[in-house]
Amino acid sequence: MTDVVALAAELLAIESPTFNEGAAVEFVARRLVSRGWNVTVQEVSPGRGNVWASRRGGGVTLSTHLDTVPPYVPPRLEGNRLHGRGACDAKGIAAAMLAAAEGLAAAGEERVDLLFVVGEEKGSDGARMANELPATSRFLVNGEPTESTLATGAKGSLRVTLRTRGRAAHSAYAHLGRSAIEPMLDLLPTLRSVALPTDPVLGETTVNIGTIRGGTEANVVPESAEAELMFRLVGPVEDVKRAVEQWVDDRAEIQYGSTIPAQRFHTIAGFPTAPMSYTTDIPLLTRWGTPLLFGPGSIQVAHTPDEHIDVSELRGAVDAYQRLVRALLEDDA
């Protein structure tokens, strides 16, 4: 029987920030091959790839990501908590999925696949390529820290960059130029007054002003400025774009970046449910079956220096994933 805490600690000991996941990919692939799984490593870019493990197929795929955000935080066990980068997002989840799938296979259930992708934290290039694999599963259980709750849905996201232009001049003769920063400073505070969509399940559209850049030196009137915004979507992206364009009017240039749509997920009786405010790889894995979202740990400590997962919740996740798989296979019988 797999010790999921020890396995999670082994994964946490492997530094694998996005675009440098190769060592974690090799660890997982070798483990699965040694236990009799049919393993495909799909190259996403040189030295890194997705790991797909199957036996019979045609059932349920358990999937999460092997990359983490920097900086690396080594694993340590303190009381009932396993700390380290990826403890809950998402190497602890990967360990629980591995242990659950290995237990199911040992019990004779071979209709479970595993899919571990790279790149989720920066653009999801792994999930985009994984959707080209010849998947056969009818259900996809994606793993993110949901506090061991089945997600009823997840907010989407929209990146927006605003740019203002000016004319450079010596700051001693500022009247000869035109500041690009000042109109940005006038615009951004009015964002609070923009009416954004709401949804009865997912709640309110939220927005974060993530970065502001402008100018070159204190003694130069700035000729350019930009701000990056992230909207968390609860409905059609067109509604938010329309609100942004009405708000900005002609006061700045607008550039739209990556978009992930809001999602609704399948749920199963007997599990607590709640909506999630973050985005996942699920919208990019459309060929892998009807989606569910479930995982131990809290998103509120992910990406922080204190990232951790409760050992008892991690152990419980192994049983929870097995119960999910069995319930889905019974429903699909």
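This briefing describes the fold of one protein chain, from its overall make-up down to single residues. The model is predicted: local features need pLDDT of at least 70, side-chain atom pairs count only at pLDDT 80 or more, and totals for chains, interfaces and linings use all residues. Residues are numbered from 1 along each chain as its sequence is written, and side-chain values use heavy atoms, with hydrogens and water left out.

**The chain as a whole**

- The chain has seven helices and 20 strands; helices (H or I, at least four residues) and strands (E, at least two) are DSSP runs, numbered from the N terminus.
- The C-alpha trace spans about 80 × 40 × 40 Å along its principal axes.
- Of the 333 residues, 52% are buried; buried means under 20% relative accessible area, exposed over 50%, and partly exposed in between, with a 1.4 Å probe and protein chains only.
- Among contacts (heavy atoms within 4.5 Å) between residues at least 6 apart in sequence, 78% join residues at least 24 apart.

**Nonpolar cores**

- A nonpolar core is a set of buried Ala, Val, Leu, Ile, Met, Phe, Trp, Tyr and Cys residues joined through side-chain atoms within 4.5 Å.
- The largest such core holds 57 residues, and those with the most contacts inside it are Leu32, Leu62, Leu114, Phe116, Tyr321 and Leu324.
- Elements giving two or more residues to this core include helix H1 (4-12), helix H2 (22-34), helix H3 (91-106) and helix H7 (311-331), along with strand E3 (60-65) and strand E6 (112-117).
- A second, separate core has 19 residues, among them Val160, Leu187, Leu188 and Ala243.
- Leucine 62 touches Met97, Val112, Asp113, Leu114, Leu115, Val141, Tyr321 and Val325, leaving aside residues up to four places away in sequence.

**The six-stranded sheet**

- Six strands form an open sheet with mixed pairing, in the order E1-E2-E6-E3-E7-E19; two strands pair if DSSP finds at least two bridges between them.
- Strand E1 (38-45) and strand E19 (290-293) are the edge strands, each pairing on one side only.
- Neighbouring strands of this sheet are turned by 20° against each other on average, direction ignored.
- E3 and E6 pair in the parallel sense over six bridges, and the bridge partner of serine 63 in E6 is leucine 115.
- H2 packs on the sheet, touching E1, E2 and E6, and its direction makes about 20° with that of E2.
- H3 also packs on the sheet, touching E3, E6 and E7, with its direction at about 160° to that of E6.
- For these angles, axes are lines fitted to C-alpha atoms, for helices over the stretch in contact, and angles run from 0 to 180 degrees between N-to-C directions.

- The buried residues of H1 are Val4, Val5, Leu7, Ala8, Leu11 and Leu12.
- They cover an arc of only 160° around the axis, so they sit on the same side of H1; the arc is that of the directions from the helix axis to the C-beta atoms.
- The cover over the buried residues of H1 includes H2, strand E5 (81-83), H3 and H7.
- In helix H6 (residues 237-248), the buried residues are Val237, Val240, Ala243, Val244, Trp247 and Val248.
- Seen down the axis of H6, its buried residues fall within an arc of 125°, and therefore line one face of the helix.
- Just after H6, aspartate 249 takes a positive phi of about 55°.

**Glycine 289**

- Glycine 289 lies in the loop between strand E18 (273-276) and E19.
- Glycine 289 touches Ser137, Arg138, Phe139 and Leu140, not counting residues up to four places away in sequence.
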